Number of protein chains: 2
Amino acid sequence: MQGLQSFISADGMGQLFQQSTVGLEREGHRIASDGKLALTPHPPKIDGAATSFFIQRDFAESQLELVTPPVHDTSELMQWLQAIHEVAVRSCDHDERLWPFSAPPALPSDEAIAVANLEKAEDIAYREYLVKVYGKKLQMISGIHYNFELSDDFIQAWYQANDSRQSYQSFKSNFYLRLARNFLRYQWLVVYLFGASPAAHDSFYNKLSDKFDHPIRSIRNSHLGYINKDDVTYSYANLEEYARQLTANVDEGRLVAEKEFYSNVRLRGGKTAWELVDHGIDYLEFRLFDIQPQAPYGIWAEDIDFMRYFILYLIWMDEDSNMDAVRLGNKIKTAVAEEDAFSRTAYYEEGREILAGMRQMLVAIGGPKSVYGILDKMLDRLDHPELTPAAKFYKKAPDNKTYQIMGEEIAAKNAEDIRRYPYLLGGFTDMELSTQLLMADAIQGGYYIDILDRDQQIIRLTYKDHQEIIKNANITSKDTYISHYVMENKEVTKLLLEEAGYQVPKSQTYKHLDQAKADISRFVNRPLVVKPKSTNMGIGISIFKHGGKEADLQAALELAFDKDDTVLVEEYVDGTEYRFYVMDGKTQAVLLRVGANVRGDGESTIAQLVDEKNQDKLRGNDHRSPLEIIKQGPEEAQTLKNQGLDFDSVLAKGELAYLRDNSNISTGGDSIDMTELMHPSYKEIAQEMAKALGANISGLDLIIADYEEAATDKNYACIEANFNPMMMMHIYPAKGQGQPLNKRLLQSLFPEKTHYTKEG
Amino acid sequence: MQGLQSFISADGMGQLFQQSTVGLEREGHRIASDGKLALTPHPPKIDGAATSFFIQRDFAESQLELVTPPVHDTSELMQWLQAIHEVAVRSCDHDERLWPFSAPPALPSDEAIAVANLEKAEDIAYREYLVKVYGKKLQMISGIHYNFELSDDFIQAWYQANDSRQSYQSFKSNFYLRLARNFLRYQWLVVYLFGASPAAHDSFYNKLSDKFDHPIRSIRNSHLGYINKDDVTYSYANLEEYARQLTANVDEGRLVAEKEFYSNVRLRGGKTAWELVDHGIDYLEFRLFDIQPQAPYGIWAEDIDFMRYFILYLIWMDEDSNMDAVRLGNKIKTAVAEEDAFSRTAYYEEGREILAGMRQMLVAIGGPKSVYGILDKMLDRLDHPELTPAAKFYKKAPDNKTYQIMGEEIAAKNAEDIRRYPYLLGGFTDMELSTQLLMADAIQGGYYIDILDRDQQIIRLTYKDHQEIIKNANITSKDTYISHYVMENKEVTKLLLEEAGYQVPKSQTYKHLDQAKADISRFVNRPLVVKPKSTNMGIGISIFKHGGKEADLQAALELAFDKDDTVLVEEYVDGTEYRFYVMDGKTQAVLLRVGANVRGDGESTIAQLVDEKNQDKLRGNDHRSPLEIIKQGPEEAQTLKNQGLDFDSVLAKGELAYLRDNSNISTGGDSIDMTELMHPSYKEIAQEMAKALGANISGLDLIIADYEEAATDKNYACIEANFNPMMMMHIYPAKGQGQPLNKRLLQSLFPEKTHYTKEG
C-alpha cells in the first residue's frame, strides 16, 4: 500500500477521504422516577418487534438501545440521536427516564433484573447463557457503538490507483482489516480520552472485593468489563483466518456463539463469520465508547468528530509492524482503562505522537478548522488527566450516594427537557410540525426513515420490504395525482359534489372583470362571497354576509381578479364553518376554529388574560407550534374597540372578548375538536364527498346551521375541499380531544403491520 | 299562468329565462369519393356500440348521427358540432365524406341500401318494419334535431311564484307541454325560414309521379316526409292523455312502437310514454330542421340562436285558445312545406306577428343585440321568399345533375377542410394539442366527455358508470400524488434510481452559492452539468461537455442559483439523449430529438430548404402543432455561420446543415421515433425505472452511448424523469412511426371496455 498518504493528499482526494458515514448505537437503562432501575416491561408505545430500527432492547428488558441511521454529517447525526432519545423517553409511561452513565444505577438483586423479553426464543436463550457465564451485572454496562464507513468512491479510487490483482471486494476487506488492526492497536487513546466510568455503584459488583482501590478510566474496558476468557483465540490477519478462529472458538466450546466474541471492533458485512468471508466487509463497528454523563444524548458532537478523524488517521498512518500488534493493543487498552483516572497515562508519548500525526494529516487533507480545536482540547486532556471525563466524573461522584444522586439529577433534567414540547421532534424542528410528528410516530412504530428532501418535507418510511414516500405528512401514494387538481379547482369540486347530490353554494363564474362588473346589479345587497377560483387560505376572498353595495362588490371583484384569472361569485351560506378531515373513506376529525379570544376572570385586564393564555406551551410563533401567540397589535386593538373594549379593560368572570374577527389559527385563533360532538350525518356526508372527489385525504369545509341536528338538503353546504389539509390543529387542538391523524396515516399506509403501539 | 310575461320581465329573471341549454343531433349519409352513397359498413375506427355517445347510426348503415352534449352557449355548441364532424369524417376510410343535404344523394336500388347493423336484434327488426311500411327511401332523409331545456332554476322560480297546488314535477311537465303545443302550432315558421330541401334526386322517389311539380320548401316536412298515417291519434293536453293515446296506437296496431310516432316535438324524460308520466318531462326535442347545405356542420350558429329565442317566445306568448291548435299547426306546417319555395307564404301575416312579438320579448328580457340582427334577416326572408334556403338551393341545383354535383362539391370541400390538420380538433384548438387528441379519441371511442375546466385542460370521460378525470391528457387517477413530487425532485429521483440499481450521473448538491464556489477547483476542466434541482425544460442548466474554466463554472452556478435554492453539479455523461415515454409499466415510445436542420438537394439555398421544410402541415407556431416552424433569425444565422454557411449557401445533395445547436422541438427541432430501433434492454430499464419511482406515466431522459448495443452498467445513464411528459412529439414525430399514446391512455383507464377501434 505504498503511497496512500500521497494518494490522499492529491487534489480533490482529501475531501473524498473525509466523506465517511457514521451511525451510533446508544445503550441506556430506563429508570423509574425514584432513580431505581425500571422493572416495567419495554414501553408498550414502542414497537418492540425485532424489525424495529431506531429503538431496540439490548441485554435487559430495561436496557434501551437507540440506533441512528448512518449519516455523513455530524450535526445530522446529533439530530437523529436527539430525536430518537426524545421519542424513547416520551414513549415511557410513569415518568420513566434514561440513566445517563455507562455503569448502571443501583441494581436490585439479580432475580429482579429481567433479561429482554424478545420475540425469538434463541435470543432469550443467548441472554440466559450470558447470565450464567458472566453474571447479569456485567451485561448491565451500557455504552455507545460507533459504526464507521468510508466513502466507497474513495476506496474505489484507491483500488484503481493500486492496479491490484485482488478483486475489489478482497481489496476493500483487507483495507478495513488493516484499519481494524490499527484501531485495536491504538484504541487505548479513546479509552483514555473518553473513558467515563471510573467506578460503579457497589450493587454492580458480584463481590465488593472486585472493586478497584482507585478511580479508573473505564470499567467497560477494564478486566471487569466485556472481555473474553484467555482461551478465546482470534486473528485479524485476513478474513479467512478471522472466520476460522472465530468459528473454532464456537465449535470447540470456548464461545457459545460468534457474537459472544467481545472485540472492540466488529467486522460488518455478514450475519456469520463465513458469510462475511463471502460478502466482504462493508463497514466497521467500534464498541468501546463510554456514555458521557453530561451529554444529553450520551455523546458530544466533538467526540464524534474526534473519533472520525482518529479513525481516518488510523488509515492514514503506517501500520505497527509488530506481528502481535492487535494483542498488544488489547492489553494496553485494558491497562489504560484501569489506570488511576487522575494519573498521567503510561502511553502518554504515544498519545502525543498520535495527536501530532492527526494534526499533520488534517493539514494534508484540508480538514475542517473546528477539528484543530478539538485536537487542542484532547491534548489538554492528555497533559492534564484531571480533565478526562473519568476524573471529572469521579470528582463529582466519588461514592455510591453522590453517584446515584448525580445520575438521578441528570436523568430528571434530560427527561424534563425532552418532555417540554411534546409536539416537536428535537433535531428536526426546522421541518413542518406534521412531518416532525409523523417521524416521531415512525421512530416509535419501528419504521426506518429516510429523509429524501428535508426542505420539501419528503420522507420515506420502510417496514420490511414495504416503502412509502410521504410529503408534508399527508401526500402519499394513496391519493391520486388528479385528485389534487380536482380539489385545487373550486369549480370542479363544486360540480362533482353537486352531481353526487351534496349541497354546495350556487355560484357564477367569471373570466373577465368586465363581465363580472356587467352583472353586478344582480348581486347588490345579496349575501354572497367573492372568491378567486384557485387560491387558498382566504387570499383574495371577500365575504358579504349581509349583502354589499355596488362599489364594495366592485372592489371585491377587483381584488379577486388580482389573485386569479377566474373568479366565483358565490351565494353566502349562513351557519358555522367546520373542518372535516377525511382519510381512507372515514371522517377522522372535525374541528371548529374560533377567532383569538380571552375569557374574563373578573380581575385581570385583557392584556393580562392574553399573556396568561399565551403561556400555553401549544402556543408559539410562525407555525412552529400547533397554536399561535395572540398578539396585542393594532388589529387586535381595533377588534376590541369594536366591542367597546381595550387592553386595559377588565372582563367579568366568564365574559368573552375577541381579539380577532377572523377564525384563523395563524392569528391566534382557537381550534376546538368537535369530532365526537358533530352529528354523525355530517361526518358521513364529508366522507362521501371525499369519495366523490376521488380523494383519499381531504379537508372539507362545511357550513352547518346546527351541528346537533341531522343533515338535510337545506341546513349545510360544502364550500371547499382542501388537498394537503392542515393536520396539527386536529392533533393538538386548543380544546377537546386530539385526533392522532399521524398515527392513523401510518396504519393506513402499512395496513399489513401490527400497530400494537397504543394511540397517544 | 297569469303574469308569466311580467314575471320574466322582473329584475334578474330575464337573464335566467335565457339560460337554456341546447343539444343537437345531426344526421348525414356517408358518401364515397365518387359522390355515391357509401356502401361500406360503419367506420371500424368508430365505436359502433349502443353506448357510444357522440357518433351513432340512424336508420341506414351509411347514415351517421352526430350528437352534441347539451350546452348553454351557442358558440360552444358549434365547437362540439365541428369537433364531432371532424372525428366522424377523419374516422372514415377510403376518403369517404358527409352528404351535405337533407335529401339523400343519388340512391342505389333499395336492395343495395343496408339498414344499420346494430347490436340489438330489436333495433334491426324495427328498421325492417319501417322499410316495409314506409319504404327505404323516406328513411334516408336526414335532418337536425334540436334538444332544448330551460334553466331549472327558472322553472323553479316560476313554480314558487305561482303558489301552485301541483307538484313541481307536474308543474314542469305542464309547462313544457304548453311549449310543445305552441311549438306545434307555430312550427310552420321554422319550416319556412329553414326549409332547405326543395326537391330530391329522382332516385329518391318510389315513383316519379310522387314528385312535386314545383320546388317546395322542405321535403322532410311535406306529405312525402316523416308523417304518420291519418289513423294515428295524439294529444298534448296532458301527459296521461298523451301516454294513453300513444300506447293505444301501438296496442291497436296503428304504430309498431312508440317511436314510430312522428311528431316534430318529442317529450323527453322517459324511455316509454308511461315512464314519462312517472318521471315528468325533462326537456323537449324539436325534429323538423333541414340541413343547411352550405353550413359546414349542417346548421349555422345564427339558426341555433334564432331557434332558441323562437322557443323562448313560444313560452312567452299566449297560447292559441283553439282546442285543435296542435292539429291545425301540423296541417299548416305541411302546407307551408309544400308551398312553392319562391312564393310568399300564405301565413305571412302570422309570421310577421311572431317576429314582431319576438322583438318585443327581446327588449323585455334584455336579450343580446346580435339576435335583433337575426330577426331582421328572418324578416327579410319572410318578405323575400327567394332568400329562403330552399329557394336559394333550388336556384343553384334545379335538376338531378346540378343537385348531385353541388352535393359532391360541398362534401369534398368540407372533407378537405376537416382533413387538413389531423392533429387538431376543430372547435377546441384553444386547448393543448394532447387534450385535443384525447378528446378526438374519446369521441371516436364512444365515451362521453365533460370539459370540467377548459383553461386547465381538465376533462372527464365516462363509459357506462365508469368515470375518469384527466388533466393535460396524462394526469389521471393512475398516478399517485406523491409520484409527481418524486419526479419533480431531481435529487430524490436519482437517489431512488440509484438504489434500484440503475445508472445515474454522480452529483454534488449545493444549497448555497458560496459552498459551491468553494468547491469550484474540483470541477474545473471536468465534463459536467450545472443544474437547478427543480426546474424543467432546460431552464438554468449549463452543460460543460469538455469541461469548463473557473469563471464559466462560476457564472453557471450563479445562473442556476438564480432559478432554484438548490443546485446540482452533475457528472456529464457522453452519448445521445433519448426520451422514453413509459405508461402502465411499459415503454410506449422512444424519441430522439435533433436540432432544427435541413438537408441539401444540390440546388436550393438553405433559406429555400427551410421554407420548403416549413410547408409540412405538422409545423406551426407556439405549440399549436406537433413541430415548430424553423425560424431564420439571428440565432439560426449564427449557427450556420459556425458551420461556415449562411442562408444563401447551397448545400450539396444529402448534405446536412443545422440551424440550431439545441435539440428542442420548440426551436424547430425534429422528433424522430426510435421505438422499434432502440435496443430492448433500454426500454426494459426505462419501464423498471418508472416503477422504482412509483410512476405510472413518466418521461425518462436517458443518455445512451449506442442505441443498438445492449445496456451495461457503463453505457447509459438516466438524467431526468418527467411527470406530465410531452405527448405530441411521440404521436406525430417528424420521422418514423407515430405512437398513439392518447389511445393507449384510454385503454389503460378503461380496461373493461372493448377497444375495437383500430389504432391510428
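At what angle do helix H16 (residues 433-444) and helix H25 (residues 741-749) of chain A pack?

**View 1. Packing of helices H16 and H25 in chain A.** In this predicted model, H16(A) and H25(A) pack at an angle of about 55°, and their axes are 9 Å apart. Angles from 65 to 115 degrees would count as roughly perpendicular and those under 35 as roughly parallel, and H16(A) and H25(A) are therefore oblique to each other. The crossing of the two helices is right-handed. On the side of H16(A), the contact is made by Leu437(A), Leu438(A), Asp441(A), Ala442(A) and Gln444(A). H25(A) contributes Asn742(A), Lys743(A), Leu745(A) and Leu746(A). By type, the residues of this contact divide into 5 nonpolar, 2 polar and 2 charged.

**View 2. Packing of helices H10 and H13 in chain B.** Helix H10 (residues 301-316) and helix H13 (residues 369-383) of chain B pack at an angle of about 95°, with 10 Å between their axes. That angle makes H10(B) roughly perpendicular to H13(B). Glu302(B), Asp303(B), Asp305(B), Phe306(B) and Tyr309(B) of H10(B) take part in the contact. From H13(B) come Val371(B), Ile374(B), Leu375(B), Lys377(B) and Met378(B). The residues of this contact divide into 6 nonpolar, no polar and 4 charged.

**View 3. The largest nonpolar core and its surroundings in chain A.** In soluble globular proteins, nonpolar side chains tend to be buried together. The largest nonpolar core in this model has 137 residues, and Leu267(A) and Phe306(A) have the most contacts inside it. Helix H10 (residues 301-316) of chain A supplies the largest share of this core, 11 residues. A second, separate core has 136 residues, among them Ile46(B), Ile55(B), Tyr146(B) and Tyr186(B). Which residues does Leu267(A) touch, not counting residues up to four places away in sequence? They are Leu177(A), Ala180(A), Tyr236(A), Leu239(A), Tyr242(A), Leu276(A), Ile281(A), Tyr283(A) and Leu284(A).

**View 4. Helix H17 of chain A and the elements around it.** Helix H17 (residues 481-488) of chain A has 7 of its 8 residues buried, so it is largely enclosed by the rest of the structure. The buried residues of H17(A) are Tyr481(A), Ile482(A), Ser483(A), His484(A), Tyr485(A), Val486(A) and Met487(A). Within chain A, these residues pack against helix H18 (490-499), strand E22 (697-704) and strand E23 (716-722). They also pack against elements of chain B, namely strand E9 (458-463), strand E10 (466-471) and helix H17 (481-488).

**View 5. Gln467(B) in strand E10 of chain B.** Is Gln467(B) buried or partly exposed? Its relative accessible area is 40%, so Gln467(B) is partly exposed. Leaving aside neighbours within four places in sequence, Gln467(B) is in contact with Arg460(B), Leu461(B) and Thr462(B). Tyr447(B) is 20 residues apart from Gln467(B) along the chain, and their C-alpha atoms are separated by 9.6 Å.

View 6. His623(B) is partly exposed, with a relative accessible area of 48%. Asn724(B) has a relative accessible area of 31% and is partly exposed.

View 7. With a relative accessible area of 2%, Phe175(A) is buried. Pro725(A) lies 550 residues apart from Phe175(A) along the chain, and 52 Å separates their C-alpha atoms. Chain A has 25 helices and 23 strands, and 59% of its 760 residues count as buried. Of the contacts in chain A with a separation of 6 or more, 72% are between residues 24 or more positions apart.

Note on methods
Residues numbered from 1 in each chain as written. Chains lettered and ligands numbered in written order. Predicted model: local features only at pLDDT ≥ 70, side-chain atom pairs only at ≥ 80, totals over all residues. Heavy atoms only, no water. Core = buried A, V, L, I, M, F, W, Y, C linked by side-chain atoms within 4.5 Å. Buried < 20%, exposed > 50% of the residue type's maximum accessible area, 1.4 Å probe, protein only. Helix = DSSP H or I, 4+ residues; strand = E, 2+ residues; numbered from the N terminus. Contact = heavy atoms within 4.5 Å. Axes fitted to C-alpha atoms, helices over the stretch in contact; angles between N-to-C directions. Parallel < 35°, antiparallel > 145°, perpendicular 65-115°, else oblique. Left-handed = near helix turned anticlockwise from the far one by under 90°. Nonpolar A, V, L, I, M, F, W, Y, C, P; charged D, E, K, R; others polar.
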